[in-house]
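Let's take a walk through the pockets of this protein and the ligand held there. Please keep the model open beside the text as you read.

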Amino acid sequence: MIEKIEKYIVEVSNLVANTKEEAENLRIKYIGRNGILNDLFDEFKTVPNEQKRSVGQAINTLKNNIQEKIDELISSTKKLNLEIKIDVTLPGDSLKLGSRHPVNIIKNRIVEIFSHIGFSISEGPEIEDDWHVFSALNFPENHPARDMQDTFFIEKNPDILLRTHTSSVQVRVMEKEKPPIRTISPGRVFRNEAISARSHCIFHQVEGLYIDENVSFADLKQTLLYFAKEMFGENTEIRLRPSFFPFTEPSAEVDITCTCKGKGCNLCKNTGWLEILGCGMIDPNVLELSGIDSKKYTGFAFGMGVERIAMLKFGIKDIRLLFENDVRFLKQFE
Ligand code: PHE
């Protein structure tokens, strides 16, 4: 009987199964109710006592080997079945690419336009002191912009606050660098304002600063005309309206021609013009406060709201859309 068992041991070690059914049939053949193993156990009863020990050991080895082999075959055919289900010739799912946020698209474009004419990029902190946001920029002590209405204060006396404009970076650059200075500063600014379709308490600005000998208002106008044409198209014209900022003299607000050409549209309220930025010649007092000789140097500065430009460019009617991060909105800028 021992020889018969040993033959089975060899046979079992060579078993193969290509499908789940084949593996299952082998299981029934060897360890099923009427399988080979049970027959052997029946036969074992007739084995003479003195052989029981060695035959018993051989049957146990066979039993363990069979169980192991069948388990192995079943799991390998399962894997095989899985592999068959994967059709490698099917076209793959395309990767979903994200898109840039419209504010970033416009900010990058502004940076690109000015870098073509030699402007570098400067950055400054969002949490600022009174000096860099107001005092060094010629804001009188009781100027309404310092009021709680507009400024988010973090600490009072000495004042620590969230910058209300990127002109604070202008001050930091003037303190640190010697003219000629030609730089733009993109960044986030904060104002304690009611949120509406037209204004938000957080938005982005790009500030521009140019200081050298003999910088004139004509340079300012030409620089802004170049920017307007690059940003809004070759046929764009600009118009400068007198305005006021504490840190520039003279100051102006800049409008561009509306695409309706004044024929009448909601966007420009039938005026034909859209305001895009504020600018002016840097007040000599501001230059001196930052240690720049105002007899030798002159300069201009301008500041624009990135959201405003994005809204004009993309025809976005409500600034809040730019902060809600609704994917259905953002998807349109892919
Ligand atoms: N800082 C001004 C604002 O926030 C914009 C500005 C910048 C105006 C530079 C003139 C010169 O409204």
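## Pockets, ligand and backbone

Pro 250 has its place in strand β8, where strands (E, at least two residues) and helices (H or I, at least four) are DSSP runs numbered from the N terminus. The bond that joins Glu 249 to Pro 250 is a cis peptide bond, with omega about -5°. The model is predicted, so to speak of local features pLDDT of at least 70 is needed, side-chain atom pairs count only at pLDDT 80 or more, and totals for chains, interfaces and linings use all residues. Residues are numbered from 1 along each chain as its sequence is written, and side-chain values use heavy atoms, with hydrogens and water left out.

Pro 180 belongs to the loop between α7 (167–176) and β5 (181–190). Another backbone feature is found at Lys 269, a residue other than glycine with a positive phi, near 50°. Lys 269 lies in the loop between β8 and β9.

Now to the ligand. Which residues come nearest to it? Among the 13 residues around the ligand, these are His 165, Ser 167, Arg 191, Gln 205 and Glu 207; a residue counts as near if one of its heavy atoms lies within 4 Å.

| Residue (side chain) | Ligand atom | Distance |
|---|---|---|
| His 165 | nitrogen | 3.0 Å |
| Ser 167 | nitrogen | 2.9 Å |
| Gln 205 | oxygen | 2.9 Å |

Taken alone, the ligand exposes 330 Å², and the protein buries 89% of that; accessible areas come from the Shrake-Rupley method with a 1.4 Å probe. Three strands, β6 (202–212), β9 (273–282) and β10 (298–305), each supply at least two residues of the shell around the ligand. β10 gives the most, with three residues. By type, the shell holds five nonpolar, six polar and two charged residues. Here Ala, Val, Leu, Ile, Met, Phe, Trp, Tyr, Cys and Pro count as nonpolar, Asp, Glu, Lys and Arg as charged, and the others, Gly among them, as polar.

The space taken by the ligand is the largest pocket. A pocket is an open set of points on a 1 Å grid over the protein atoms alone, where a 1.4 Å probe fits, with protein on both sides within 12 Å along at least five of seven lines; lining residues have an atom within 4 Å of a point. A molecule sits in a pocket if more than half of its atoms lie within 2 Å of its grid points.

The largest pocket has about 1,400 Å³ of space, a volume being the space filled by probe spheres set on the points. Of its 47 lining residues, Arg 191, Phe 203, Glu 275, Gly 305 and Arg 308 are the closest to the centre. Elements giving two or more residues to this lining include β7 (238–245), β8 (248–257) and α10 (306–314), while β9 has the largest share, eight residues. The lining of the largest pocket divides into 22 nonpolar, 14 polar and 11 charged residues.

The second largest pocket has about 220 Å³ of space. Its lining is made of 13 residues, and Phe 232, Ile 256, Thr 257, Cys 258 and Thr 259 lie nearest its centre. β8 and α10 are the elements that give two or more residues to this lining. Six of the lining residues are nonpolar, five polar and two charged.

Notes: A polar contact is a pair of N or O atoms within 3.5 Å; within protein, one must be able to donate a hydrogen and the other to accept it, and residues adjacent in sequence count only if both atoms are side-chain atoms.
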